[in-house]
Amino acid sequence: MNRRLNTRRLLVALVGLLLGAMTTAGTLRAAERDTGGPGPALPVQEHAGHSGGGHQLEHDQPGDHGGHADHGEHGEHEHDHDAPKSAKNYEKSLASYRMPNLALTDQFGRDVDVAALLAEDRPALVQFIFTSCSTICPVMGAVFGKAQGGIAAVSPDFRMVSISIDPEYDTPERLLAFAAKQNAGRQWIFLTGRKDEVMKVVRAFDVLYEGDNKMYHQPYTFIRWSSDRPWTRIRGLVGVEELVEEFSAAGR
Amino acid sequence: MIHRGCNRWRAAASFGIGIFLSLLSAGARSETPDAVRSAGAVAAVGDPVAGERLYRAGLRADGQPIRGRAQGDIEISGAQFSCSSCHRRSGYGSSEGGVYVPPILGDFLYASSKADRNRIFKELYLEAQPKEFWSKLREPRFRPAYTDETLVVALRTGIDPGGRTLDATMPRFDLTDQDAADLVAHLKSLKTDDHPGVDAEAVHFATVFTPDIAMEERAAVEAVLEAFVGWINLDILGDRSNPAFSPLYRSDFLHTYRRWVLHRWELSGPPEAWHEQLDAFYAERPVFAMIGGLIEGPHAPIAAFCNRTRTPCVFPITNLPDNRTGDYGYSLYFDRGVELEAEALAHFLTTGTDAAQIEQFYLETFSGSTGAVAFQRYGKTRGARVVSKGFSSVDALAAAVRSCCTKGTDALVVWGVDDPLALGSALDAASLARSAVIGLPSAALTHAAGLSGRRLGQARFAWPYEKPGVLHPREFDVRAWMGSRRIRLSHPRLQFQTYFALTMIEHGLEHLLGDFNRDYLIELIEHEAEKNLNIGTHPSLALGPGQRFASKGAYVVRLTASSTEASENQIEPISDWIIPLGTSTAGH
């Protein structure tokens with residue numbers, strides 16, 4: 001068995017070498033193009049701000065759009081950030097999602113109808129987090145927290161929703177503690193619930209992560225101005241000013 | 001080879017990409033920009049203890065949370081997250097959500113970065129991360145060794161000694177000179193040296209067996225331990241005795257392979273006597289980690305030993321884990337045990353009624369008292385009227401059951417009597433309405449069949465495991481693995497739990513890649529536990545940073561009416577998967 005495996009390994013390795021050679025050549029070319037500053041151009045940054053197209057990046061192959069026909073491509077945003085200095089670390093696109101009809105539980109232990117919550121007649125911001133998450137969720141929580149004032153200045157009446165993708169650990173009590181850390185206002189709801197129900201919402205927003213392991217989740221933020229408009233889908237970490245800017249852009 | 005093979009395949013396939021990394025050394029800049037040099041003034045003498053507090057809790061020398069900015073303009077405070085949130089206690093860093101957090105142990109910082117693909121092998125090939133993560137890791141990022149001065153510059157301004165800007169997610173901190181010196185002192189103290197229990201040839205582990213465990217259970221668990229360790233060692237022996245065979249990467253890692261040596265630590269006497277015995281075992285032969293184990297009685301003395309010696313205690317099988325909240329515990333558990341069962345039962349009995357009237361009898365043992373205390377506390381928060389009575393013997397408890405219960409009692413709950421047959425005739429004599437429930441822990445289920453039909457119909461058990469009839473894909477693999485090694489599955493749950501613990505260690509070592517650091521091992525297990533490795537003992541087993549209990553809930557079940565011989569396959573859940581809410585001990 002070992003011998004046979006070794007032969008197969010060798011084959012795979014050869015293919016790997018070939019692939020490696022190709023990729024390296026590509027990377028070198030990219031590096032040559034980017035002789036300017038210390039921050040080499042990332043594919044993400046090239047896409048940042050361009051409406052619609054950025055969505056491709058979450059799929060392995062550009063153009064692998066099969067099964068995602070419901071993601072609208074009718075964006076008209078004009079973030080022509082000129083200087084590479086302001087190149088963003090996130091990509092955005094527009095998309096429409098159908099929310100499942102189910103109830104989750106908020107940080108006070110109250111039942112919340114998700115579809116109704118997200119159909120409210122006011123701008124909404126949604127993110128997926130979990131409270132024990134070490135790296136990106138504290139940043140995501142802090143962004144929402146610090147942006148509350150700026151967002152209220154654009155639209156005093158708005159809704160923020162943070163949905164836990166670790167609902168069994170994130171009891172309402174833990175969500176409440178997390179909310180307190182971010183100085184969450186009354187308009188900000190934190191949701192937990194049955195794992196399978198939360199996963200339905202995760203799927204509805206098309207943010208499934210790999211290997212069923214929440215540790216491989218990615219930072220997503222969703223903004224919608226009103227229920228008759230598409231969602232702005234943001235992948236990557238945004239700053240406070242960027243979030244407020246995207247929020248007002250969604251209202252234009 | 002199941003999953004080992006799998007990782008290696010993926011790794012082999014992508015190796016070719018990595019081998020060229022070392023070619024990409026262009027672009028590193030070595031001079032420190034003048035503009036930021038002044039930011040690196042380090043005047044004070046650093047205190048590593050204060051530095052550790054800053055690193056872990058985000059608190060400055062004066063006790064105030066440290067402040068900084070992430071992503072350009074997000075004002076953050078040490079109360080929200082600290083260095084250890086991302087770089088972790090070990091300092092080996094992490095990767096999550098497409099963000100790569102590099103190791104920041106002093107040994108790394110104070111050396112110039114090298115084109116060492118193996119250092120990021122795990123991130124390159126063993127993780128499911130988005131494409132930007134891949135491309136970022138393939139960018140050359142060389143810098144000269146940090147000095148105290150340039151390190152402080154980087155912490156304050158985000159510019160490394162190569163003149164490059166650190167990732168925007170890394171906060172730029174407002175550090176006083178004293179805080180900076182403290183933090184630098186702590187970072188310098190983080191070493192890459194192997195932790196105890198590892199030598200050039202072998203990595204040592206221990207499995208604990210407490211007194212009073214059933215011999216058949218121990219034999220069933222031993223069979224799995226022995227077969228697994230033998231299997232691993234055979235694999236390692238094959239690789240090490242034939243180093244030239246490896247076409248590509250495997251030979252790169254031969255130096256990280258260690259033979260597993262598993263020691264059995266048999267405890268004797270009462271739990272109070274275990275401390276000394278554990279210390280003696282450890283003094284004679286330090287181990288890198290503890291694997292599984294069968295614990296009858298409280299795990300707390302063992303957990304205390306693990307915390308004292310900073311030895312990871314990986315998934316012991318116990319009903320009485322150390323549930324006390326602490327900053328950081330070295331024990332990883334399947335669930336919260338009897339306490340979880342009590343809360344789930346209390347949750348069930350108080351659902352749909354405003355003021356349930358419950359009588360609770362418990363034996364004054366570790367198990368009995370733990371169940372009763374948790375039940376009483378949880379029941380109260382749910383508006384139940386719980387009357388609790390403790391007894392020093394089963395006979396006394398049975399006598400009390402006989403004269404139970406006051407009119408209108410909705411439920412009689414008993415803790416600490418694992419064999420309800422001892423209560424058989426007492427339960428028959430008790431004046432308990434037919435509609436009332438008899439609540440019992442899962443341990444009572446195996447003996448419950450002898451109860452009279454009437455009382456059996458009233459019995460409800462907490463059940464913190466998977467319900468019968470649910471197949472988890474991995475169960476097929478593991479059954480086949482055991483079958484081919486002629487391991488008799490006499491105690492499937494204990495054997496599967498033991499196998500899971502072994503798998504966690506195996507995956508942990510595979511990801512440590514020679515960095516034999518115990519904190520890092522725990523961090524890797526926290527990261528990997530959710531990866532479809534659950535054999536089906538619990539609906540789901542998952543951890544996260546700082547989480548210590550992999551399964552969070554329980555069912556309430558009853559024996560199906562036709563059962564004459566109780567078995568785990570003849571139960572039926574009569575509740576949802578209950579995750580008890582808002583208990584102060586549910587944490588960490």
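Tutor: One term to begin with: helices (H or I, at least four residues) and strands (E, at least two) are DSSP runs, numbered from the N terminus. The model is predicted, and local features need pLDDT of at least 70, side-chain atom pairs count only at pLDDT 80 or more, and totals for chains, interfaces and linings use all residues. Residues are numbered from 1 along each chain as its sequence is written, chains are lettered from A and ligands numbered from 1 in the order in which they are written, and side-chain values use heavy atoms, without hydrogens and water.

Student: Is R88(B) buried or exposed?

Tutor: R88(B) is buried, because its relative accessible area is 10%.

Student: And R486(B), what is its phi?

Tutor: Near 55°, again a positive value in a residue other than glycine. R486(B) lies in the loop between α18 (473–484) and α19 of chain B. Its relative accessibility is 79%, so R486(B) counts as exposed.

Student: Where is H507(B) found?

Tutor: H507(B) belongs to helix α19 of chain B, residues 492–512. H507(B) counts as buried because its relative accessibility is 5%. From H507(B) to L340(B) is 167 residues in sequence and 28 Å in space, C-alpha to C-alpha.

Student: New topic: peptide bonds. Which residues does the cis one with omega of about 5° join?

Tutor: That cis bond joins C404(B) and C405(B). C405(B) is in the loop between α15 (394–402) and β13 (411–415) of chain B.

Student: Now sheets. What is the order of strands in the open sheet of five in chain B?

Tutor: Two strands pair if DSSP finds at least two bridges between them. The order is β7-β6-β8-β9-β10, with parallel pairing. At the edges stand β7 (259–266) and β10 (331–332) of chain B; each has a single partner strand, so one side of each has no neighbour in the sheet.

Student: How many bridges pair β8(B) with β9 of chain B?

Tutor: Two, in the parallel sense, and β9(B) covers residues 313–314. There, M290(B) stands opposite C313(B).

Student: Over to chain A. How many residues of strand β6 are buried?

Tutor: Five of its five, residues 188–192. Both faces are covered: W188(A), F190(A) and T192(A) are on one side of β6(A), I189(A) and L191(A) on the other.

Student: In what sense do β2 and β6(A) pair?

Tutor: Antiparallel, over two bridges, with β2 of chain A spanning residues 103–106. T105(A) stands opposite T192(A).

Student: And strand β5 of chain A with β6(A), parallel or antiparallel?

Tutor: Parallel, over four bridges, with β5(A) at residues 159–164. S162(A) has F190(A) as its bridge partner in β6(A).

Key
Buried means under 20% relative accessible area, exposed over 50%, partly exposed in between (1.4 Å probe, protein chains only).
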